[in-house]
Amino acid sequence: MTETSSRERLWAALNGKQPDRVPIWMLYPRERLGYYVDVHTLPSYARIMPHIWDRTDWLDRRNIYSGSFYTAAADIERKVEQHDGWTVTRTVLHTPLGDLTAEHRQDEENASGARTEHFCKDIADLEKILSIPYEPVEPDLTAFNEAKGKLGDAGLTMLGIGMPIGVAYGLTHPETFAIWTLTERETLARFTRVMFDREYAFLKKALDKGAGPVFFAVGTEIVAPPMCSPAAFDALITPFDTPLFELIHSYGGKVLVHHHGNTDAILERIADLGADGIQPIEEPPVGDCTMA
């Protein structure tokens, strides 16, 4: 009997079939990529790493450049300074309707740092983003395809994609965004429609070039309780994520939805988007949904 490969095992599970055993994905990639801790070189992991390599299954997450706001025309200027032990990055986004500014601070002990100023302070600032000319970005899958070839049968290559509403979320403070989902929902929906149209065009080109077969969709968690209501989910997630998932499925791909925090009130909504899986499921006290 031929041994089942990790690629076959994962694909069976994503298709609702019975694999030879439960596939185990440890989240991080097989080598350091910058957005995960390099556990392969941590002394505390040294004893278990051989077992991880031998007994787990890789969903090798990769990203491809899609441009700021899915346009190649964004004019962004950055300046990095040192202040009292902090690395301060000040960013100016030049738009036809005026400049927008943002700031990020990072100290030596916190590798990720924190954003201390966001581009959009007012809902009207979204119009400045839309005033930037739209120049479609051509997907470059060179590194992605190299990773896919290197992975072989050890797993499945997975392309990370943001959801259209994620663009607006990343432009303002999370609390401001949550308020806007109540007070400025129609404006958010109009802005997100533009981002959706651009992302759809970009994703279709990437699919035509062989992206996939798995896609890691990030964004449902930002329009979820307790910060946002199920009604906001229906207005800002469902109309835009569903067609993207349908596009992926039309090319034979699968979609994993990345969702931290509470899911109980919207779990069926996530299923209705056409998601093939969800990661993670967080039980109380971090989330509100048990595995059952």
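Close-up 1. Glu-138 counts as partly exposed at 49% relative accessibility, where partly exposed lies between buried, under 20% relative accessible area, and exposed, over 50% (1.4 Å probe, protein chains only). Lys-205, at 30% relative accessibility, also counts as partly exposed. The two side chains meet in a salt bridge at 3.6 Å, N to O, the term being used for a side-chain nitrogen of Lys or Arg within 4 Å of a carboxyl oxygen of Asp or Glu. Because Glu-138 lies in the loop between helix H3 (125-130) and helix H4 (142-151), while Lys-205 belongs to helix H7 (residues 185-208), the pair ties together parts that are 67 residues apart in sequence. Helices (H or I, at least four residues) and strands (E, at least two) are DSSP runs, numbered from the N terminus. The model is predicted, so that local features need pLDDT of at least 70 and side-chain atom pairs count only at pLDDT 80 or more, whereas totals for chains, interfaces and linings use all residues. Residues are numbered from 1 along each chain as its sequence is written, and side-chain values use heavy atoms, with hydrogens and water left out.

Close-up 2. The closest N and O atoms of the salt bridge between Asp-208 and Lys-204 are 3.6 Å apart. Since they are 4 residues apart in helix H7, Asp-208 and Lys-204 are separated by about one helical turn. Lys-204 is partly exposed, with a relative accessible area of 35%. Elsewhere, salt bridges that share partners join Lys-79, Glu-81, Arg-90, Glu-103 and Arg-105 into one network.

Close-up 3. A search of the whole structure finds 15 salt bridges, and one of them is formed by Asp-57 with Arg-9, whose closest N and O atoms are 2.7 Å apart. This pair links distant parts of the chain, with Asp-57 in the loop between helix H2 (49-55) and E1 and Arg-9 in helix H1 (residues 6-14), 48 residues apart. Asp-57 counts as buried at 1% relative accessibility, and Arg-9 is buried as well, with a relative accessible area of 5%.

**Close-up 4. Strand E6 and its parallel partners.** Strand E6 (residues 155-162) is mostly covered, since 7 of its 8 residues are buried. Strand E1 (residues 58-62) runs parallel to E6 and is joined to it by 5 bridges, where two strands pair if DSSP finds at least two bridges between them. In this pairing Arg-61 stands opposite Met-158 in E6. E6 and E7 also run parallel and are joined by 5 bridges, with Leu-159 standing opposite Phe-215 in E7.

**Close-up 5. Glu-282, a buried acidic residue without a salt bridge.** Glu-282 lies in the segment after strand E9 (277-279). Which side chain of opposite charge is nearest to Glu-282? It is Arg-61, 13 Å away, and Glu-282 is buried yet has no salt bridge; for charge, Lys and Arg count as positive and Asp and Glu as negative, while His and the chain ends are not counted. Not counting residues up to four places away in sequence, Glu-282 touches His-260, Gly-261, Gly-287, Asp-288 and Cys-289, contact being defined by heavy atoms within 4.5 Å.
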